[in-house]
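This briefing sets out selected features of a structure for computational work. Please read it alongside the sequence and the coordinates.

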Amino acid sequence: RAKMLGKARFVVFTPNLRTEAISRLDLEAQLQHAIERDELFLNYQPIYSLSSNDLVGFEALLRWNNPGRGVLLPADFISIAEESDLIVKIGEWVLLEACRQLKQWQKNYPDREELCININISGRHFIHPDFIHCLETTTTVTGLKPKYIHLEITETVLVENREKARIVFTTLNNMGYEIQIDDFGTGYSSLGYLLNFHVDMIKIDKSFIQSIGKGENGDHLVKTIVNMAQELGIDIIAEGIETERQLKDLKSMACKYGQGYLLSYPLASSGIDDLLQSGKKR
Ligand code: C2E
Ligand code: MG
Ligand code: MG
Ligand code: MG
């Protein structure tokens with residue numbers, strides 16, 4: 001019977017799926033060694049104050065220079081890493097690399113000491129028993145103050161792992177780290193967690209930002225989110241700003257921060273150096 005089941009399974013396993021499964025296995029095996037082979041690197045996307053046009057920080061975005069396939073984006077490999085504790089190893093590498101880089105910029109550009117780094121944390125990593133310790137060690141080793149480190153998590157983490165997430169969230173908050181909700185509005189329709197957690201900042205998902213100017217509903221939805229956050233004393237970053245129209249509307253809503261291709265693409269660290277040297281606003 002087992003054999004039959006096995007056979008039956010093999011039948012639905014079409015050649016395409018098979019190729020895809022093999023390539024996932026392949027990628028996973030390669031990803032295991034990506035750190036020691038020095039294939040991972042970070043890009044940094046500037047985040048701006050929408051009221052002053054000042055640069056306030058960067059979001060670190062992971063890239064993988066795969067020897068056979070070229071530079072891969074997170075969509076190509078993060079979900080593979082998240083299937084195991086590989087995401088923990090990678091997350092720890094990102095933390096250290098991003099913090100080290102920010103410290104270097106703060107040192108090299110002392111008048112820009114207030115710049116912050118935003119780091120995406122996978123849910124699996126956030127609730128991992130070593131996470132808090134690792135973060136603490138990274139902060140100490142790099143000599144950064146926790147307030148400059150902004151941890152981006154998605155609302156799903158808070159809803160799916162309530163108890164564990166609450167402990168981690170509260171502990172980090174008390175230690176001085178800022179926690180931001182990434183992709184706000186795409187996870188759960190329940191907003192209850194905003195009452196139970198001290199959320200510092202939400203990042204409105206780019207799908208909402210891109211609905212601005214494409215019919216009234218999009219505009220109203222963004223305005224409603226911005227107003228709600230303002231009522232709750234939560235600051236906002238609008239992500240995925242691509243047009244002048246979107247920027248203008250967000251400014252008129254008094255949305256505090258923004259990020260997107262219109263303002264700047266994610267850049268290699270050398271590109272950020274150029275930006276800091278030029279002292280350019282946006
Ligand atoms: P995210 O955290 O929401 O990051 C924003 C994504 O939107 C980035 O894609 C960025 O390049 C892209 N983006 C920025 N501005 C614009 C715009 O104006 N228009 C459009 N269409 N896109 C824009 P990226 O770099 O491919 O990253 C995708 C996702 O992968 C991130 O979404 C984040 O969830 C995840 N990710 C990135 N780096 C890391 C990491 O170090 N660790 C973990 N766990 N996840 C990461
Ligand atoms: Mg993010
Ligand atoms: Mg995200
Ligand atoms: Mg996002």
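The model is predicted.

**Magnesium ion (ligand 2) and its neighbour**
- Glu59 (OE), Asn120 (OD1), Glu152 (OE) and Asp182 (OD) coordinate the magnesium ion (ligand 2) at 1.9 to 2.2 Å.
- Along the sequence, the donor residues of the magnesium ion (ligand 2) show the spacing E-x60-N-x31-E-x29-D.
- Distant parts of the chain are linked here: Asn120 lies in strand β4 (residues 116–120) and Asp182 in strand β6 (residues 178–184), 62 residues apart.
- Asn120 has a relative accessibility of 31% and counts as partly exposed, whereas Asp182, at 8%, counts as buried.
- A distance of 4.1 Å separates the magnesium ion (ligand 2) from the magnesium ion (ligand 3), and Asp182 coordinates both.

**Magnesium ion (ligand 4)**
- Glu239 is buried, its relative accessible area being 7%.
- Asp182 coordinates both the magnesium ion (ligand 4) and the magnesium ion (ligand 2), which are 4.2 Å apart.

**Nonpolar core**
- The largest nonpolar core comprises 78 residues, and those with the most contacts inside it are Phe58, Ile117, Ile119, Ile153, Leu172, Ile202 and Leu250.
- Helix α4 (residues 86–108) supplies the largest share of this core, eleven residues.
- Beyond its neighbours within four places in sequence, Phe58 is in contact with residues including Tyr44, Pro46, Leu102, Trp105, Ile117, Ile272 and Leu276.

**Helix α11**
- Helix α11 (residues 216–232) has 17 residues, which at 1.5 Å a residue should span 24 Å; the end C-alpha atoms are 24 Å apart, in agreement.
- Its buried residues are Gly218, Asp219, Val222, Ile225, Val226 and Ala229.
- Viewed down the axis of α11, these buried residues fall within an arc of 130° and therefore line one face of the helix.
- Elements covering the buried residues of α11 include β6, β7 (201–204), α10 (206–209), β8 (235–238) and α12 (244–252).
- Exposed residues Glu216, Asn217 and Glu231 are carried on the face of α11 turned away from its buried side.
- Gly233 follows α11 and has a positive phi, near 70°.

Note on methods: Residues numbered from 1 in each chain as written. Chains lettered and ligands numbered in written order. Predicted model: local features only at pLDDT ≥ 70, side-chain atom pairs only at ≥ 80, totals over all residues. Heavy atoms only, no water. Donors = N, O, S within 2.8 Å, 3.2 Å for Na, K, Ca; no water. Helix = DSSP H or I, 4+ residues; strand = E, 2+ residues; numbered from the N terminus. Buried < 20%, exposed > 50% of the residue type's maximum accessible area, 1.4 Å probe, protein only. Core = buried A, V, L, I, M, F, W, Y, C linked by side-chain atoms within 4.5 Å. Contact = heavy atoms within 4.5 Å. Expected span 1.5 Å × (residues − 1). Arc of directions from axis to C-beta.
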